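Subject: Structure for your review

Dear colleague,

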Amino acid sequence: MILLASQRHGRMAAMTGVLEWKDTDPLGRTGRGDEEGVSPSMSVTSWSAWMDEEPTKRLWVRIKGRAGTGDIIVGVCYRPPDQENQAYEALYRQIGAAPLSQALVLMGDFNHPGICWRDNMAGHKQPRRFLECIDDNFLLQVTEEPTRRGAMLDLVLTNNEGLVGSVKLKGSFGCSDHEMVEFKILWVVRRAHSKLTTLDFKRTDFGLFRDLLDRVPWDTTLEGRGAQESWLIFKDYLLQAQEQCIPTKRKSGKNARSPAWMNEELLDKLKHRKEAYRGWKQGQVAWEEYKEIVQAARDQVRKAKALIELNLARDIKGNKKSFYRHVGDKRKSTENVGPLRKEMGDLVTQNMEKAEVLNDFFASFFTGKCSSCTAQVAEGEGRDWENEELPTVEEDQVQDHLRNLKVHKSMGPDEMHPWVLRELADEVSKPLSIIFEKLCQSREVPTDWKRGNITPVFKKEKKEDPGNYRPVSLTSVPGKIMEQILLKTMLWHMENKEVIGDSQHGFAKGK
């Protein structure tokens, strides 16, 4: 028994090929799929059902939505455990045709107890063939608990990660020894579009960008100004030129973008497979010909997936972001920060409250006071170096750091992308070297360099405990370049002034 419930009062029940759709309005009246009385979250205008004439029992329902929503195909399947190979192939053909719709939910008793869904592995031929069918048709299995005597027989499959939610078991129905599986179809009225924008480097005019920055007389513009003011002037010029030369685009979400392995040739193959299936159903294409087309499309998809993963593994050192994005796309769901518990024991659920709880916890581990070890070093001997001139920051030194930036890294809160700074290394090295020089003289750090975009990453144990999250910060790229310059200067000083003894080996280069 599998029970499907909409978010309010629409209900669909199915058992071994019997499916019923009922809609009840607030007055208790029932309907048969009419627009009146249906839950607004489902937006159903009509529905139709049909049975397959195959050994495997299947019932398909097309729920037609209002304008702007698209249809949803809901299927119920029962596969007897003692079927022959012909019945298996009939089931796989029907599954291969179903995901061609915009949205699909397929549920039922598939009788494959030998499949380990956590590792996506199976020990026997038919379960492995079933897993290949699920993978080839880009379906996702969302049931996570056993439904009959420790085995996961009743499955819920979908081709859209965000379509099915709140999956849970509800006990047995009548004298059945199977657990009921209840879930919700989260069908939005309109497709959600991301409001986040990102820089479109494919359409960037770096020639115009360089010309705009070359026109600025940096020596006279930054003369007589402090580090903070000079930084704001440089940032203003750079972001204004960036707005003119780099167009923006909407950031595509996980479900909006095409798979990384998809290309025009492969898309034509999949369309050809779809047309061949329609021709076979109408008797215009022979079964052997259709089977060859399906096998060719399947082989090409697998080769494309293997090639993209091989390229990701080869380029992981220079482009880690693409690798982790690919790993994230393989997950069943995104790991958002759940409810958090305050020190007083209260549970917070709002995003702003959760951000404040995490911020207070992370900030509690930082202090502005100097340690006793730092004070002892400052008061120690060998302080004749304080009378020496401060180290200078050369333009060539800044250029070297800019040219070694990794363009696939993310920018900080100052909105200066590493890709932009690397491409314009010759143009921005002069103003940055002036700002770095002023910083060393005045010991004034720009405010943007003290800020960071922090993302909490869950580590282990209880998710409501803020202590189980690790902060990952995105800070200013020019600020990190200045840190590298200071680090190199400090190491040079400690080596030449013999601040570190010969017995020191930890964090010492070459030892």
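Two strands are taken to pair if DSSP finds at least two bridges between them. On that basis, Asp-109 of S8 stands opposite Asp-154 in S12. Please note that this is a predicted model.

With strand S12 (residues 154–158), S8 pairs in the antiparallel sense over 5 bridges. With strand S7 (residues 72–78), the pairing of S8 is parallel and runs over 7 bridges; there, Ile-73 stands opposite Leu-104 in S8.

The side chains of a regular strand alternate between the two faces of the sheet. In S8, Ala-103, Val-105, Met-107 and Asp-109 point one way, while Leu-104, Leu-106 and Gly-108 point the other way. The residues on both sides are buried.

The axes of helix H2 (residues 125–136) and helix H7 (residues 287–314) come within 11 Å and cross at roughly 75°. As angles from 65 to 115 degrees count as roughly perpendicular, H2 and H7 are therefore roughly perpendicular to each other. H2 contributes Arg-129, Glu-132, Asp-135 and Asp-136 to the contact, and H7 contributes Arg-298, Arg-302 and Lys-305. By class, the residues of this contact comprise 7 charged, no polar and no nonpolar.

Yours sincerely

Conventions. Residues are numbered from 1 along each chain as its sequence is written. This is a predicted model: local features need pLDDT of at least 70, side-chain atom pairs count only at pLDDT 80 or more; totals for chains, interfaces and linings use all residues. Side-chain values use heavy atoms; hydrogens and water are left out. Axes are lines fitted to C-alpha atoms, for helices over the stretch in contact, and angles run from 0 to 180 degrees between N-to-C directions. Helices (H or I, at least four residues) and strands (E, at least two) are DSSP runs, numbered from the N terminus. Angles under 35 degrees count as roughly parallel, over 145 as roughly antiparallel, 65 to 115 as roughly perpendicular and the rest as oblique. Contact means heavy atoms within 4.5 Å. Ala, Val, Leu, Ile, Met, Phe, Trp, Tyr, Cys and Pro count as nonpolar, Asp, Glu, Lys and Arg as charged, and the others, Gly among them, as polar. Buried means under 20% relative accessible area, exposed over 50%, partly exposed in between (1.4 Å probe, protein chains only).
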